[in-house]
Amino acid sequence: LLQRDARTLNDYCGHRARLAEGHSLLRQALASAEVGGEPGTRAVLLAFASSLESRRDHYAEAQAMATEGLAAARAVRDAATQKKCLSVLATCTMRLGSLAESRSLLQRALAVAGDSRRPHEEAGLLDNLSTLEKRLGNLDEALRLGIDALAQYRRASDSGGVALCLNNLGS
């Protein structure tokens, strides 16, 4: 229940720009999980907390939480949470100017196997990687990845993702 609530809280706070509130509530949930939660719960909470921290531009804290969450997710073999943590780490490193490291993290996130593969998540990773390749001057690779991302967004019926991807391809 706590994991599902964390996902809902992350989505709610993220879409409504209530990031500080989400941060506070996820911190409380993390404290509760330490007292007696399931092993995978801490990983999920850290992944969502790191995502909110990244969106608040608190990259050092986001990186620390995502790194800890990644280790916890690996321990319980939670592929979806590993992907989330790798994606947060990639965002942080890109914002801090380490484009090569960000590329490596995004590629690792795409390579994480398992039942967690959802078209809209994969599309987001491909779209981010496409944008990164464009920044690195690899325009052919950026175009290929962007077209792949667009196909995934369409497969997921994600009209917002389609619009974002078309904007990224056109800029």
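Which helix is leucine 143 found in? Select leucine 143: helix α8 holds it. Keep that helix in mind, as the tour returns to it.

**Before you start**

This is a predicted model, in which local features need pLDDT of at least 70, side-chain atom pairs count only at pLDDT 80 or more, and totals for chains, interfaces and linings use all residues. Residues are numbered from 1 along each chain as its sequence is written, and side-chain values use heavy atoms, with hydrogens and water left out.

**The whole chain**

Show the chain as a cartoon. It has nine helices and zero strands. Helices (H or I, at least four residues) and strands (E, at least two) are DSSP runs, numbered from the N terminus. Read from the N terminus, the order is α-α-α-α-α-α-α-α-α. Of the 171 residues, 45% are buried. Buried stands for under 20% relative accessible area, exposed for over 50%, and partly exposed for values in between (1.4 Å probe, protein chains only).

**Stop 1: α4 against α5**

Select α4 and residues 79-95, which are helix α5. Their axes come within 8 Å and cross at roughly 155°. Axes here are lines fitted to C-alpha atoms, for helices over the stretch in contact, with angles from 0 to 180 degrees between N-to-C directions. α4 and α5 are therefore roughly antiparallel. The cut-offs are under 35 degrees for roughly parallel, over 145 for roughly antiparallel, 65 to 115 for roughly perpendicular, and oblique for the rest. The crossing of α4 and α5 is left-handed. That term applies if the near helix is turned anticlockwise from the far one by less than a right angle; clockwise makes it right-handed.

**Stop 2**

A salt bridge is a side-chain nitrogen of Lys or Arg within 4 Å of a carboxyl oxygen of Asp or Glu. The structure holds five of them. Arginine 42 is partly exposed, at 23% relative accessible area. Glutamate 68 is also partly exposed, at 39%.

Next, select glutamate 53 and arginine 56. This salt bridge spans 3.0 Å, N to O. Is glutamate 53 buried or exposed? Glutamate 53 counts as buried, because its relative accessibility is 0%. Arginine 56 is partly exposed, at 24%.

**Stop 3: two loops with positive phi**

Move to aspartate 57, in the loop between α3 (39-55) and α4 (59-75). Its phi is near 70°, a positive value in a residue other than glycine. Most residues other than glycine have a negative phi. Aspartate 57 counts as exposed, at 53% relative accessibility.

Now jump to serine 157, in the loop between α8 (139-155) and α9 (159-170). Phi of serine 157 is positive too, near 55°. Serine 157 is exposed, at 66% relative accessibility.

**Stop 4**

Select Leu143, Ile147, Leu166 and Leu169. They form a nonpolar patch on the surface, with about 330 Å² of accessible area together. Patches take residues with over 30% relative accessible area and no salt bridge, joining like charges within 9 Å and nonpolar side chains (Val, Leu, Ile, Met, Phe, Trp, Tyr) within 5 Å. Accessible areas come from the Shrake-Rupley method with a 1.4 Å probe; for residues, only the protein chains shown count as cover. α8 and α9 each supply at least two of the patch residues. Leucine 143 is partly exposed, at 46% relative accessibility.

Stay on α8 for glutamate 141 and arginine 144. Their salt bridge has its closest N and O atoms 2.6 Å apart. About one helical turn separates the two, because they are three residues apart in helix α8. Salt bridges with shared partners join Glu141, Arg144 and Asp148 into one network. Glutamate 141 is partly exposed, at 30%. Arginine 144 is partly exposed, at 41%.

**Stop 4: contacts across the sequence**

Select cysteine 165, in helix α9. Cysteine 165 is buried, at 0% relative accessibility.

Finish at arginine 118, in the loop between α6 (99-111) and α7 (119-135). Arginine 118 is partly exposed, at 34%. Its C-alpha atom is 9.2 Å from that of alanine 80, 38 residues away along the chain.
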